[in-house]
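Please look at the sequence and the structure first, and then read the points below beside them.

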Amino acid sequence: MSTAEQIKSRLDITDVVQSYIKLQKAGANFKANCPFHNEKTPSFFVSPARQSWHCFGCSRGGDMFSFVMEIEGVDFLESLKILADRAGVEVEKIDKNRQNERLRLLQLMDEAVKFYETELRKNADVVAYLKKRGMKGETAKAFNIGFAPAGWNNLRDYLKDKGYSESEMEKAGMIVKSAKAQAGYYDRFRSRIMFPISSASGQTVGFSGRIFGEEGTDSGGKYINSPQTVLYDKSGILYGFDKAKNEIRKKDACVIVEGQMDAVMSYQAGIVNAVAVSGTALTVEHLKLIKRLTEKIIMAFDKDEAGARASSKGIDMALAEGFEVKIAVSPSGKDPADAVLDSPESWVKAVSEAKNVIEFYLELFDERKDIERKILPYIAVLQSEMEKAGWVKKISEKLKIKEDAVWDELKKVKLAPKPLGSLASKSNLEAKLPSENSKQTRLEFMRNKLLGIALWQNDTKDQGLKPIIDEFIAFKKDEIDGCPPEKKNRLILEAELFFSEEASLANEFLKIKKEIEKEEIKAELESMTEKIKELEMANESEESGELKLKQYLDDFHKLTKKLNDIVFL
Ligand SMILES: [Zn+2]
């Protein structure tokens, strides 16, 4: 059995997909809003029976590997590794045979994590500092927190011993080439507490290092992060997402905090659905990642931030993308990490009592100009007119002015153009791509439908259906043999979804077959009409032209009769 087959025999596609997106039961199958294109009604289906998935909106589909490839944005080998880890299947063999660069670099990062974790245990003062901040040993372990010791070549030498080249270390962002000639490379992270940054599937792709001690001060600020590398795409990674994702789906909400410590300490306090943007602003990519699991976000601010962050781009964007946005501020006004240090319960309470962002700012501001400048932009981007009206009413009540006056102000709010690559504009792009569905003519559509039923009912025991299917399959043998497996899978799933409730599939099958014949004749008639027109236009007086025309007209009448026969059959 191949590694891929072993993995498939141990894992269920429903579980794999479910770990990324919320699925609803739909008969024998499961459905969801497609994670790969923007939609409001689910056209993404998973079939446990066939261990396959398909989206009727964007025509993507396949098996569990292709799903992981799509959703993680990785190649096949890496999807194999991700699922092998899950299934507990050894991939050592593949690694030896086809060690592609990405896999080598991921292993290098794992080694770096090990090195930093060992160093942390050796440095009692760092452990003492983390304890002082309230972090428990088990929490540090869960997040693989480590320590990069002072000195220029500690990691480089360690990784060299493990068989990695300097060029690989540089590609992974772990060492830096010295500006001085002949000085060679040095460790990027020195004298820093190390937070590994993981991809959605939990593979370490980068680090964030928090300053500790003297030596770190010579370069960079309080935090430095890995640079953009082949592994680490800064805009698309949320710290802690790999650990939070299941809980985000279950709780149907994602808590967004500022720094790594905030995410780690929230986790320790029992708020497992927390992720950190770690220094950057919230991006469209972040929102995309979250939207697969929930459309509700809770932003955590400390007291100083809360006011300053009013009219933040991130909130704007989230609202415009249809997210429900809430704001959580701890009672002490401290950031989440410090709030948890004081009292974990207080932070849990703050999150559970988070307020809708507009309501939050309506309570915070009293001045008309603040309300108009800072709150109206949030209302302007809302997708629902009903919701808008609700807020306009509240504002008019609070400011004791007429609703019309608020509406007037609201109309003046200039909406920022949607950033390129926003969720909505991306789906517009996708819509322009020739998807299989849009290209399909009615005829192709029905032919595929028929083929789907035939493949689905290939070994049917139904006495009425069996001879019809057998005949069709024999007739279409070449076409069926040449049909790619993904297409077969899609057609079968489609047929099952359409016809599983059908009382007489045999009747339905014959009806579609008849429809197809009708369409085929219609197409032929159309092309013939064209030819007749051309001949008449050419006004050929010669005998050959007359004969041709007569022949065409004859054929035309025959076809028309055939069409009528079918219609009134
Ligand atoms: Zn789709």
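**Confidence and overall make-up**

The model is predicted, with an average pLDDT of 83 over the protein and a score of at least 70 for 89% of the residues. The protein contains 29 helices and 16 strands.

- Confidence is highest in strand β6 (residues 146-148), where the mean pLDDT is 97, and lowest in helix α22 (residues 423-432), where the mean is 34.
- Over residues 418-439 the pLDDT stays under 50, and the model has 30 contacts for this stretch beyond four places in sequence.
- Where pLDDT is low, the predicted coordinates should not be read in detail.

*The protein as a whole*

- Of the 569 residues in the protein, 48% are buried.
- Among contacts between residues at least 6 apart in sequence, 65% join residues at least 24 apart.
- Zero disulfides are found in a search of the whole structure.

- Why does C58 count as buried? The relative accessible area of C58 is 17%, and the cut-off for a buried residue is under 20%.
- Another cysteine, C254, is also classed as buried, because its relative accessibility is 0%.

*Helix α19 and its kink*

- Helix α19 spans residues 368-380 and has a kink of about 30° at K374, shortly before the proline P377.
- The buried residues of α19 are D370, I371, K374, I375, L376, P377, Y378, I379 and A380.

*V357 in helix α18*

- V357 is located in helix α18, and V357 counts as buried because its relative accessibility is 1%.
- Beyond its neighbours within four places in sequence, V357 makes contact with I315, L319, V325, K326, I327 and Y378.
- V357 and M299 are 58 residues apart along the chain, and their C-alpha atoms are separated by 8.8 Å.

*Helix α12*

- Helix α12 (residues 260-268) is largely enclosed by the rest of the structure, because seven of its nine residues are buried.
- These buried residues are Q260, M261, D262, A263, V264, M265 and S266.
- Just after α12 comes G270, whose phi is positive, at about 105°.

*Positive phi in residues other than glycine*

- Q51, in the loop between β3 and β4, has a positive phi near 55°, although Q51 is not a glycine.
- Q51 is classed as partly exposed because its relative accessibility is 23%.
- N144, in the loop between α8 (137-142) and β6, likewise has a positive phi, near 50°, in a residue other than glycine.
- N144 has a relative accessible area of 29% and is partly exposed.

*E501, a loop residue*

- E501 lies in the loop that joins α27 (485-499) and α28 (505-538).
- Is E501 buried or exposed? E501 is exposed, because its relative accessible area is 74% and the cut-off for an exposed residue is over 50%.
- Although E501 and G27 are 474 residues apart in sequence, the distance between their C-alpha atoms is 9.8 Å.

Technical notes:
Residues are numbered from 1 along each chain as its sequence is written. This is a predicted model: local features need pLDDT of at least 70, side-chain atom pairs count only at pLDDT 80 or more; totals for chains, interfaces and linings use all residues. Side-chain values use heavy atoms; hydrogens and water are left out. The bend at a residue is the angle between axes fitted to the seven residues ending there and the seven starting there. Helices (H or I, at least four residues) and strands (E, at least two) are DSSP runs, numbered from the N terminus. Buried means under 20% relative accessible area, exposed over 50%, partly exposed in between (1.4 Å probe, protein chains only). A disulfide is a pair of cysteine sulfur atoms within 2.5 Å. pLDDT is the predictor's confidence in each residue, from 0 to 100. Contact means heavy atoms within 4.5 Å.
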